[in-house]
Amino acid sequence: MTVLAATATVVPTESTQQAIGYPSLFLLVLIGALVPIVPTGALVSSAAVVAFHQTAPFSLALVFLTASTAAFLGDATLYWLGRRGMRSKNGSRWLEAIRSRAPEERLAQAQGKLATHGVAVLVLSRLVPAGRLPVMLACLLAKWPMRRFARGNLPACLAWAVTYQLIGILGGSLFSEPWEGVVAAVALTLVISVAPSVWRRVRSAR
């Protein structure tokens, strides 16, 4: 009984996990949208695994709402900062950060697809690993107004949140323990993010 009581005091309750987890998820996804070094897809999948194993209603819906809102606000903020850099004579560090992560080849492809398909390219760019910033830079170079970018970016963020949440739900449904599902979801998201770059290297080597 003493051991059980001690364990109960150490393991946080679901309400405590939610009070800490949702704000943390929002903040990390927001930062990841601004500084693309945080694996936001893995974060959403991991949060979905935990929510899948919780008994509280609407846990998965709250993960989706938190992740998609944070991603949208982060993208909108980064685009606004990029527009300021485009109008400035000296540019800005935010614009340079976007340029540094948008290779010329990827940027040319993004510009061609953007000219052909318009807003639909934004949705795909969020789902393709390393595809978001080249398309965002293409929108900046095309001088898209903030409203047009936001209108296309909203369904992109919704689709992105659903995709990575489904990965987490899959991982959570395969394992009885949440931590096992988290490991599986993180591994799967890392494979998805690395696979395109590996495939491009294989093609270039051939």
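Contact means heavy atoms within 4.5 Å. The exercises below use this meaning, and the structure is a predicted model.

**Exercise 1. Which residues of α4 meet which residues of α8, and how do the two helices cross?**

Solution. 
Step 1: On the α4 side, the residues that meet α8 are Asp75, Leu78, Tyr79, Gly82, Arg83 and Met86.
Step 2: Their partners in α8 are Arg132, Leu133, Met136, Cys139, Leu140 and Leu141.
Step 3: The two axes come within 10 Å and cross at roughly 45°.
Step 4: This angle makes α4 oblique to α8.
Step 5: The crossing of α4 and α8 is right-handed.

**Exercise 2. Describe the chain as a whole: how many helices and strands does the chain have, and what share of its residues is buried?**

Solution. 
Step 1: There are ten helices and zero strands.
Step 2: Along the sequence, the pattern reads α-α-α-α-α-α-α-α-α-α.
Step 3: Of the 206 residues in the chain, 35% are buried.
Step 4: Take the contacts with a separation of 6 or more; residues 24 or more positions apart account for 77% of them.

**Exercise 3. Check the length of helix α3: what span should its 13 residues have, and how far apart are its end C-alpha atoms?**

Solution. 
Step 1: Helix α3 covers residues 40-52, and at 1.5 Å a residue its 13 residues should span 18 Å.
Step 2: The expected span is 1.5 Å times one less than the number of residues.
Step 3: The end C-alpha atoms of α3 are 18 Å apart, so the two values agree.
Step 4: Turn to burial. Ten of the 13 residues in α3 are buried, and the helix is mostly covered.
Step 5: The buried residues are Thr40, Gly41, Ala42, Val44, Ser45, Ser46, Ala47, Ala48, Val49 and Ala51.

**Exercise 4. How are α3 and α4 oriented, and which residues make the contact?**

Solution. 
Step 1: The axes of α3 and α4 come within 8 Å, crossing at roughly 160°.
Step 2: Angles over 145 degrees count as roughly antiparallel, and therefore α3 and α4 are roughly antiparallel to each other.
Step 3: Their crossing is right-handed.
Step 4: From α3, the contact is made by Val44, Ala47, Ala48, Ala51 and Phe52; from α4, by Ser59, Leu60, Val63 and Ala67.
Step 5: Look at Ser59, which is found in helix α4. Its relative accessibility is 2%, so Ser59 counts as buried.
Step 6: Not counting residues up to four places away in sequence, Ser59 touches Gln18, Tyr22, Ala51 and Gln54.

**Exercise 5. At what angle do the axes of α4 and α5 cross, and which residues meet?**

Solution. 
Step 1: The two axes come within 7 Å and cross at roughly 105°.
Step 2: At this angle, α4 is roughly perpendicular to α5.
Step 3: In α4, Leu78, Leu81, Gly82, Gly85 and Met86 meet Trp94, Leu95, Ile98 and Arg99 in α5.

**Exercise 6. Leu124 and Lys143: buried or exposed?**

Solution. 
Step 1: Leu124 lies in helix α7. Its relative accessibility is 55%, so Leu124 counts as exposed.
Step 2: The C-alpha atoms of Leu124 and Ala159 are separated by 8.9 Å, and the two residues are 35 residues apart along the chain.
Step 3: Lys143 has its place in the loop between α8 and α9 (146-174). With 68% relative accessibility, Lys143 counts as exposed.
Step 4: Most residues other than glycine have a negative phi. Phi of Lys143 is near 60°, a positive value in a residue other than glycine.

Definitions and conventions. Residues are numbered from 1 along each chain as its sequence is written. This is a predicted model: local features need pLDDT of at least 70, side-chain atom pairs count only at pLDDT 80 or more; totals for chains, interfaces and linings use all residues. Side-chain values use heavy atoms; hydrogens and water are left out. Helices (H or I, at least four residues) and strands (E, at least two) are DSSP runs, numbered from the N terminus. Buried means under 20% relative accessible area, exposed over 50%, partly exposed in between (1.4 Å probe, protein chains only). Axes are lines fitted to C-alpha atoms, for helices over the stretch in contact, and angles run from 0 to 180 degrees between N-to-C directions. Angles under 35 degrees count as roughly parallel, over 145 as roughly antiparallel, 65 to 115 as roughly perpendicular and the rest as oblique. A crossing is left-handed if the near helix is turned anticlockwise from the far one by less than a right angle, and right-handed if clockwise.
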